[in-house]
Amino acid sequence: MGIARQYLTGPEWCKETTGINMNQNQTNQNKNAFINGIRDGIPIALGYFAVAFSLGIVAKKAGLNPVQGFISSMLNHASAGEYAEFTVIMANAPYVEMAFVILITNIRYLLMSCALSQRFRADTSLVHRLLVGFGITDEIFGISIAGPGMLNPYYNYGAMFVALPGWSMGTALGIVAGNILPASVVSALSVALYGMFVAIIIPASKKNRVVGGVVAVSFAISYAVSKMSVFDRMSDSMKISLLTVVIAAAAAAFFPVSQEEEPCGGSDDAGSAKEEISGYGA
């Protein structure tokens, strides 16, 4: 093939040369996107490690060993989803209930995937779309959707390359620490996960009174349901999942969000910004 190329002339030579240059440019763009993803994913990985360490303490209580915890975190990339998973394991609930609970707690990623799919080029393969969807987390979605223009999947791969192992290693080491540290220390560290959830809802509640009201109502209803004998046969994880669906649906019906968002890629006045490709440049 190399010898034959030497004798190509005219249009044939130009066509092959153009194809080679385009492939080289695409390779460089993918490489740059991957490197940029790693750069933006490092702070996320550090944060994930700290949170997952506390989650590992809960996983240890559920009876998981470090290898099981690592695999669990590699397949489930959400703190709420994993906490629900470990709660179901501790309750010895059936697999069907675990699937339902994780679906409810992680269902927001379906919406994120739909939003992110609009940022891909039309010729992006299904394999790339599925791989990016698998690695979506709140933070990776945030950095991916923030850039202008279309999205290069290799940017997500770079962020996933550092963020997901950081999450999994944190869980595994949390389990190891739970096996070594005294029971009193393990119990104290277990509270850190609840502190993380509180840190999530307090700022949102302060910023939006509706959110604060929904949080307060959720606490009250959850407490009331826990005291009702009619729900005694239902596991705690199933109660939480059903309440999540009912309360969220009621809040969406009575307090719908009315917000006009700018289309992907910016406004028409963005000019050349529309031509920029997120993660494609250097």
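Biologist: How many salt bridges does the count come to?
Modeller: The count comes to two salt bridges. Please keep in mind that this is a predicted model.

Biologist: Which residue forms a salt bridge with Arg-108?
Modeller: That partner is Asp-138, and the closest N and O atoms of the pair are 3.1 Å apart.

Biologist: What about Arg-39: which residue does its side chain meet?
Modeller: The side chain of Arg-39 meets that of Asp-40 in a salt bridge, at 3.0 Å from N to O. Asp-40 has a relative accessible area of 23%, so this residue is partly exposed.

Biologist: Why can such side chains pair at all?
Modeller: Side chains of opposite charge can pair when their charged atoms come close.

Biologist: Let us change topic to helix H3. Which of its residues are buried?
Modeller: Helix H3 covers residues 66-75, and Gly-69, Ser-72 and Ser-73 are buried there. They lie on the same side of H3, because they cover an arc of only 95 degrees around the axis.

Biologist: And what is on the other side of H3?
Modeller: Val-67 and Leu-75 are found there, and both are exposed.

Biologist: What do the buried residues of H3 pack against?
Modeller: They pack against two helices, H4 (79-90) and H9 (153-180).

Biologist: Can you give me a residue from H9?
Modeller: Ser-168 lies in helix H9. Its relative accessibility is 0%, so Ser-168 counts as buried. Leaving aside residues up to four places away in sequence, Ser-168 touches Phe-70, Ser-73 and Met-74.

Biologist: One last topic: which residues does UniProt list for "transmembrane region"?
Modeller: The unreviewed UniProt entry lists residues 41-59, 130-151, 157-178, 185-204, 210-226 and 238-257 under that name.

Biologist: How much of residues 157-178 is helix, and how far apart are the ends?
Modeller: The span is 100% helix and 0% strand, and its end C-alpha atoms lie 31 Å apart.

Biologist: And what about residues 210-226?
Modeller: Residues 210-226 are 100% helix and 0% strand, with 24 Å between the end C-alpha atoms.

Note on methods. Residues are numbered from 1 along each chain as its sequence is written. This is a predicted model: local features need pLDDT of at least 70, side-chain atom pairs count only at pLDDT 80 or more; totals for chains, interfaces and linings use all residues. Side-chain values use heavy atoms; hydrogens and water are left out. Buried means under 20% relative accessible area, exposed over 50%, partly exposed in between (1.4 Å probe, protein chains only). Helices (H or I, at least four residues) and strands (E, at least two) are DSSP runs, numbered from the N terminus. The arc is that of the directions from the helix axis to the C-beta atoms. Contact means heavy atoms within 4.5 Å. UniProt positions are given in the numbering used here, feature names are shortened, and annotations may be inferred rather than shown by experiment. A salt bridge is a side-chain nitrogen of Lys or Arg within 4 Å of a carboxyl oxygen of Asp or Glu.
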